[in-house]
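Please read it alongside the sequence and the coordinates.

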Amino acid sequence: MILSVYGYGEPVLRKHCEEITKDHPNLKEIIANMYETMYHAHGVGLAAPQVGLPIRIFLVDTEPFSDSDDVSKEEAAELKKFKQTFINATILKEEGDLWAFNEGCLSIPDVREDVFRHDTITIEYYDEDFNKKTEVFNGLIARVIQHEYDHIEGILFTDHVSTLKKKLIGKKLQNIMDGKANPDYRMKFANKKGR
């Protein structure tokens, strides 16, 4: 089932999300609905708070990035096959060079800004079958994971941009809150009833 994506200004996007157990009600259905919602909106990642659930789940599928001219053949091959569900994740380490990438977010349509993030992360998480894993990721995969991880911590990519940039995009953010954004997927807006 395709769910509404919660837009900038919705309080759930600012919550530090709760850990869940493997017997969380309808867990498989929640994950399946999140994947369907993400693909419908042409996203590469989606976190539970973006569909109104303050729980520590996010998912990533970097396949759309595999067509980019900016990545090596090796990274393109990794991006093409990387699809993972992260439950109760904790980033243990962020290391390597800080690098900028023009990020966007399904909850903040039509806004893109350069965000600096570390190249390499070590993350501990449970997969959708509740197997515990600790893995190291780098490059674009690490970046998408960091972006989605921020969501379960109540952080948005716009929090990483300068005060000046925030002022410049302030009107766009207000328009999203007021429901004056028209992405090609269903959204729930902070200051607008319905849709």
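Leaving aside neighbours within four places in sequence, I108 is in contact (heavy atoms within 4.5 Å) with Y8, L156, F157, T158, L173 and I176. This is a predicted model, in which local features need pLDDT of at least 70 and side-chain atom pairs count only at pLDDT 80 or more, while totals for chains, interfaces and linings use all residues. Residues are numbered from 1 along each chain as its sequence is written, and side-chain values use heavy atoms, with hydrogens and water left out.

**Nonpolar cores**

- The largest nonpolar core has 38 residues, and those with the most contacts inside it are M34, I57, I108 and I176; such a core is a set of buried Ala, Val, Leu, Ile, Met, Phe, Trp, Tyr and Cys residues joined through side-chain atoms within 4.5 Å.
- Here buried means under 20% relative accessible area, exposed means over 50%, and partly exposed lies in between, with a 1.4 Å probe and protein chains only.
- A second, separate core of 23 residues includes A47, F58, V60 and I145.
- As general background, nonpolar side chains in soluble globular proteins tend to be buried together.

**Packing of α2 and α3**

- The axes of helix α2 (residues 73–81) and helix α3 (residues 139–152) come within 8 Å and cross at roughly 40°; axes are lines fitted to C-alpha atoms, for helices over the stretch in contact, and angles run from 0 to 180 degrees between N-to-C directions.
- The two helices α2 and α3 are therefore oblique to each other, given that angles under 35 degrees count as roughly parallel, over 145 as roughly antiparallel, 65 to 115 as roughly perpendicular and the rest as oblique.
- On the α2 side E75, E78 and L79 meet G139, L140 and I141 of α3.
- By class, this contact of α2 with α3 has three nonpolar, one polar and two charged residues, where Ala, Val, Leu, Ile, Met, Phe, Trp, Tyr, Cys and Pro count as nonpolar, Asp, Glu, Lys and Arg as charged, and the others, Gly among them, as polar.

**Cysteines**

- A search of the whole structure finds zero disulfides, a disulfide being a pair of cysteine sulfur atoms within 2.5 Å.
- C17 is in no disulfide, and the nearest cysteine sulfur, that of C105, is 13 Å away.
- C17 counts as buried at 3% relative accessibility, and C105 counts as buried at 9%.

**Positive phi angles**

- Most residues other than glycine have a negative phi.
- N88, whose place is in strand β4, has a positive phi near 50° and is buried, with a relative accessible area of 7%.
- F130, in the loop between β5 and β6, has a positive phi near 60° and is buried, with a relative accessible area of 16%.

**V136 in strand β6**

- V136 lies in strand β6 (residues 132–138) and is exposed, with a relative accessible area of 53%.
- Leaving aside its neighbours within four places in sequence, V136 is in contact with T120, I121 and T122.
- V136 and E63 are 73 residues apart in sequence and 19 Å apart in space, C-alpha to C-alpha.

Technical notes:
Helix = DSSP H or I, 4+ residues; strand = E, 2+ residues; numbered from the N terminus. Contact = heavy atoms within 4.5 Å.
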